[in-house]
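Q: Please take me through this model. I want each label set against its cut-off.

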Amino acid sequence: MFITLEGPEGSGKTSHIPYLVEYLRERGYTVFPTREPGGTSIGEQIRDVLHSLKNTEMHPRAETLLYQAARAQFVEQVVRPRLTLGEIVLSDRYADSTLAYQGYGHQQDLEQVRLLIRYATGSLVPDLTVLLDIDVQVGLQRKQKADEWNRMDAYTVEFHQRVRAGYLEMVKQEPGRWIVVDAGQTWADVQAALRNKILACLPPAQTQ
Ligand SMILES: Nc1ncnc2c1ncn2[C@@H]1O[C@H](COP(=O)(O)OP(=O)(O)OP(=O)(O)O)[C@@H](O)[C@H]1O
Ligand SMILES: [Mg+2]
């Protein structure tokens with residue numbers, strides 16, 4: 001099963017994953033946590049280019065293509081092999097981030113972006129995607145406080161509002177794949193909601 005966590009900046013994806021992984025492993029599931037862009041040596045190098053505050057001149061189409069290059073490597077080197085082994089792959093972001101940020105955020109043609117995603121992923125779509133939904137300003141403030149500012153965070157508030165609206169539109173278009181968690185709650189409440197909602201979507205764990 002391929003599960004992805006999505007959501008605007010500072011919604012809590014990265015901080016929740018290790019605790020979710022521990023919880024699911026305790027319940028007998030084999031879970032492989034990973035992240036995008038990254039997850040592979042090539043992908044992590046591309047991540048550095050994408051996140052560096054030195055690269056503010058990057059054009060949205062260059063940004064879009066770099067994400068797809070990292071993603072193609074990620075799908076073939078990490079996701080498909082792990083899924084073949086029967087593991088749960090739990091990824092911090094995936095292709096929906098591109099539709100949200102490079103599509104809705106940069107206001108590029110959504111059909112063209114979808115085609116690029118299909119090419120990069122070989123049409124691999126997650127089985128389940130969790131949207132950690134949060135007010136954009138609250139999320140950005142959390143990141144500023146944590147001193148984790150990168151090139152993507154530095155886009156305008158209007159950009160990030162389009163990203164959030166884009167995510168909510170995607171949920172409407174494909175309600176069977178998405179679950180939404182209110183990430184404006186306390187960290188513990190968000191973690192509890194994530195545990196319950198994800199567990200409810202999983203088949204029973206294999207017992208040895
Ligand atoms: N519910 C919460 N309440 C308060 N602070 C939180 C909550 N969730 C996360 N944080 C804090 O907000 C900061 C950003 O969280 P985190 O890095 O997990 O977000 P993220 O979704 O991974 O962001 P990004 O999209 O930029 O990678 C962290 O310092 C984290 O500890
Ligand atoms: Mg993160």
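A: The largest nonpolar core has 40 residues, and Leu99, Val130 and Leu132 touch the most other members. Such a core is a set of buried Ala, Val, Leu, Ile, Met, Phe, Trp, Tyr and Cys residues joined through C-beta atoms within 7 Å. Helix H3 (residues 60-84) gives the most to this core, six residues. The model is predicted: local features need pLDDT of at least 70, side-chain atom pairs count only at pLDDT 80 or more, and totals for chains, interfaces and linings use all residues. Residues are numbered from 1 along each chain as its sequence is written, with chains lettered from A and ligands numbered from 1 in the order written.

Q: What makes Val31 count as partly exposed?
A: Val31 has 19 C-beta neighbours inside 10 Å. Buried takes 20 or more other C-beta atoms within 10 Å, exposed 12 or fewer, and partly exposed lies in between, with C-beta atoms placed from the backbone. Therefore Val31 is partly exposed.

Q: Which residues is Val130 in contact with, leaving aside its neighbours within four places in sequence?
A: They are Leu5, Glu6, Ile179, Val181, Leu194 and Ile198. Contact needs C-beta atoms, placed from the backbone, within 7 Å.

Q: Why is H4 called oblique to H7?
A: The axes of H4 (residues 95-105) and H7 (residues 157-173) come within 8 Å and cross at roughly 130°. Under 35 degrees is roughly parallel, over 145 roughly antiparallel, 65 to 115 roughly perpendicular, and the rest oblique. So H4 is oblique to H7.

Methods. Axes fitted to C-alpha atoms, helices over the stretch in contact; angles between N-to-C directions. Helix = DSSP H or I, 4+ residues; strand = E, 2+ residues; numbered from the N terminus. Contact = placed C-beta atoms within 7 Å.
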